There are 2 protein chains.
Amino acid sequence: MAENPNTFLGGIVVKRDGGELAEDFYKHFMPSIASGEIPDYQVSAWLMAIFLKGMSSGETGAMTQAIARSGKIISFPHIKQATVDKHSTGGVGDKITFLVAPLVSACGVMAPLTAGRGLGHTGGTIDKLESIPGVRTQFTAEEMEGLLERVGWLICAQSKDIAPADGVLYRLRNATGTVSSLPLVVSSIMGKKLAVENDGLVLDVKFGSGAFFPEVEKARELSRTMVEIGKSAGRTCRAVLTNMEQPLGRAVGNSLELTEAIELLKGTRKDCPDVVEVTLALGAQMLIVAGLVNDEKEGRDKLLQAWGRGEGYDRLVAMVSAQGGDVSYLHQPQKFPQAKNVAEFKAPASGFITAIDARRIGELARRMGAGREYAEQEIDRSVGIVFRARVGEEVRAGEVLAVIYFNGVQKSEYVAELSGSITIGEQPPDQQPLILEVVS
Amino acid sequence: MAENPNTFLGGIVVKRDGGELAEDFYKHFMPSIASGEIPDYQVSAWLMAIFLKGMSSGETGAMTQAIARSGKIISFPHIKQATVDKHSTGGVGDKITFLVAPLVSACGVMAPLTAGRGLGHTGGTIDKLESIPGVRTQFTAEEMEGLLERVGWLICAQSKDIAPADGVLYRLRNATGTVSSLPLVVSSIMGKKLAVENDGLVLDVKFGSGAFFPEVEKARELSRTMVEIGKSAGRTCRAVLTNMEQPLGRAVGNSLELTEAIELLKGTRKDCPDVVEVTLALGAQMLIVAGLVNDEKEGRDKLLQAWGRGEGYDRLVAMVSAQGGDVSYLHQPQKFPQAKNVAEFKAPASGFITAIDARRIGELARRMGAGREYAEQEIDRSVGIVFRARVGEEVRAGEVLAVIYFNGVQKSEYVAELSGSITIGEQPPDQQPLILEVVS
């Protein structure tokens, strides 16, 4: 049936038939989606058509801008320095924000980070931060600016006023199997990012089993598209492609990850070289984007100096304190509520660890209660998995490979799932790059 | 993300990826769709995935059966003769039911017809019948059986108790551009038909511009699929492929079409050979399916004899009377409320009529008020178009080609639309077959 292209139904038919919608369509309908004027069942059919038929790059750009403008635009008129945000496409064990943001702040970058909650198999920075009693994550634009002036950085939850169309789209995508669509991922991430008027943005784009787009080529396309959109919106924008084949670091689960980040920042532990490496790679790009260093080497040196002097940890304490959190939890992470039960997973055979499937580990952590099956679900911040061994290491049968922290009685199920996620082989695996490339 | 195939979300992902769902999925979820337990936004995303990725014939069968079983099953335990239903896939000016049903009834077929309302550009039998004051179209199974025993045939609106899952699916398809999907059309039609336990079913499958599937090959596939599903459900089932390139007969619009049918059945007019031909073709198949004749020729002869003796008209009067309608409207169709305004559309040039676009005429009638833009809309039963000329006829410039009956003031718009729908050429068009073939 010929449908009127000026109605939302007409737009569904255009996407269904693989056509292209004009910029005006997105401009006109994103506010209506945000307000709930377009019924959910029409939006979800449209999302499925986009998932299956794609979008032109022009459409992706138009949709991103329209999502950004569907709500309030946050700006920091009194901040003179360059402000830089950092965003990860979502990983397992990804606690980099808690290291890189205070470190770049120590080096002089203004970093007003907006972050999300965990959904799907990946954790969320806000969920992890909220392990600290008292910490606030909802701020007005004025409050954000005040925090920047006093502390130099902050972590703010994406509020419902920012890019509200994305809130509707994300809820429907999650309920209709339309999450892993490149144009929908791009417009969702960049729509929220463009709603905050920063000068720069560094994207951590994951590839590997734990990423939403495991293939390197797809992650590369995602990077290029997002950087392009950031640039056309006048931002200095770079993407770093990082490996998410195995979980990042050793801990997976909210307060367990935060504890790992705190200890690495303090310098009281050194056993997560991958976390350090990704932190330095992203931090160096943030310094470049902020115009504070000329190249990656200079950026890494500056970050390592700040790290060595304990300035990163001081900045973390300052942020938590300014956001109302109880900093005694940073000084004594053992204060975080502990899971009731602990179980060890031991190597069933001797050999080399050839794989730890990040996606399955993320799904396991979610099932244990560390993540959500649906948007409003309460999560358990004490549960998770801490790995004693990593891909490439040689292990002996009976050696403890991971410790499971859990509440409830599903121990055998968790152990079975861990056993299926960790592969032991006779030969060491080929080394995979942790940082693949920078897209700018 | 790997989704659980036992959830509806898992089913969306399977269809999204072009996979096949097990019979159990349909059995399990159709009642949940009918009850509203599955949210509309999930159902509509699933429908779009089906629209774009299709369904196996096994799935189409399973979905059809599940739709049929989502509500009450109607049966006629006290009727010993074969009961036969007739169904059209939807056309413009299609008033065949009002002729063929009383005629086959006169020949001894028990015909409990269930029919729908108009939606999209096609009219609906129930809407047309309801032009007659007092007529009832909602019956319980017991009332239907009583009508069959007393009158031999009936026209009953598909009630909300019959195949309620289809009610939900149809509403969502109409709002999401997912109407013209072969498996969805098949399961919708046949799901409702299988919910009434008749012995036979004759399908009038349209092709041409006014059909939901204009291409002959698609209409053929639709016919085969429906006949196959009917047979596997134990029905004697046949489909007749009929031409819907131009409107059927001369009148388009509810009471105008009913008037044409009444006059043809009475024999007071003879100017619609196409209506007569389709009536005889479908009626002969209904007699064959009921086991009352051996071949089409015998069927046509029997129908023509009954027609000639006025028995079809008598049976129409009997049905309307038994269903509570005022039969004086059959005797004097001029009693139907008349549209306030009449406009003539005259040939802009001399030549041969090469096309009357049935789809555009159907859309025009809908816009004039004869049909619905949305499900609960009130319709205007007096408005419509009556053609004075038909495809293939030679006309002279200035000759009246059609008369528009309308309320309101949109005359020039209607005339312009008619002008765009009727094509006049210098050469007579190639003759197209009215009845293409029978699928059994």
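## A serine in a chain B loop

Leaving out residues up to four places away in sequence, Ser209(B) touches Pro214(B), Met244(B), Glu245(B), Asp357(B), Ala358(B) and Arg359(B), where contact means heavy atoms within 4.5 Å. This is a predicted model, so local features need pLDDT of at least 70 and side-chain atom pairs count only at pLDDT 80 or more, while totals for chains, interfaces and linings use all residues. Residues are numbered from 1 along each chain as its sequence is written, chains are lettered from A and ligands numbered from 1 in the order in which they are written, and side-chain values use heavy atoms, with hydrogens and water left out.

Ser209(B) sits in the loop between β4 (200–207) and α10 (216–232) of chain B. Helices (H or I, at least four residues) and strands (E, at least two) are DSSP runs, numbered from the N terminus. With 17% relative accessibility, Ser209(B) counts as buried; the cut-offs are under 20% relative accessible area for buried, over 50% for exposed, and partly exposed in between (1.4 Å probe, protein chains only). Its side chain also makes a polar contact of 3.3 Å with the side chain of Asp357(B). A polar contact here is a pair of N or O atoms within 3.5 Å; within protein, one must be able to donate a hydrogen and the other to accept it, and residues adjacent in sequence count only if both atoms are side-chain atoms.

## Another loop serine

Ser70(B) is in the loop between α4 (57–68) and β1 (84–88) of chain B, and at 14% relative accessibility it counts as buried. Its side chain reaches the backbone oxygen of Ile67(B) at 2.8 Å. Not counting residues up to four places away in sequence, Ser70(B) touches Met30(B), Ala34(B), Ala163(B), Pro164(B) and Ala165(B).

## Helix α3 of chain A

What does the end-to-end span of helix α3 of chain A come to? The helix covers residues 40–53, and its 14 residues should span 20 Å at 1.5 Å a residue; the end C-alpha atoms are 20 Å apart, which agrees. The expected span is 1.5 Å times one less than the number of residues in the helix.

Since 10 of its 14 residues are buried, α3(A) is largely enclosed by the rest of the structure. Among the buried ones are Trp46(A), Leu47(A), Met48(A), Ile50(A) and Phe51(A), and Gln42(A) and Ser44(A) are on that list too.

## Where chain A meets chain B

The interface puts 26 residues of chain A in contact with 25 residues of chain B. About 2200 Å² is buried between the two chains, with carbon and sulfur atoms giving 70% of that; buried area is the accessible area (1.4 Å probe) that two parts lose on being put together, summed over both. How many salt bridges cross between chain A and chain B? The rule finds zero, where a salt bridge is a side-chain nitrogen of Lys or Arg within 4 Å of a carboxyl oxygen of Asp or Glu. Polar contacts do turn up, with seven residue pairs across the interface (both at pLDDT 80 or more).

On the chain A side, the elements giving two or more residues are α1 (8–16), α3, α8 (164–176) and α16 (358–370). The top contributor is α3(A), with 10 residues. By class, this side of chain A has 13 nonpolar, six polar and seven charged residues. Ala, Val, Leu, Ile, Met, Phe, Trp, Tyr, Cys and Pro count as nonpolar, Asp, Glu, Lys and Arg as charged, and the others, Gly among them, as polar.

## Salt bridges within the chains

Over all chains, the search finds 64 salt bridges. Side chains of opposite charge can pair when their charged atoms come close. In chain A, Glu217(A) pairs with Arg220(A), with the closest N and O atoms 2.9 Å apart. Both are in helix α10 (residues 216–232) of chain A, three residues apart, so about one helical turn separates them. Glu217(A) is partly exposed at 45%, whereas Arg220(A) is buried at 19%.

Arg367(A) lies in α16 and Glu413(A) in α17 (residues 411–421) of chain A, so the pair ties together parts 46 residues apart in sequence. Arg367(A) is partly exposed at 41%, and Glu413(A) is partly exposed at 34%. In chain B, Arg16(B) and Asp17(B) form a salt bridge at 2.9 Å, N to O; Arg16(B) is buried at 12% and Asp17(B) is partly exposed at 49%. There is also a salt-bridge network in chain A, linking Lys95(A), Arg250(A), Glu260(A), Glu263(A), Arg269(A), Asp271(A) and Glu393(A).
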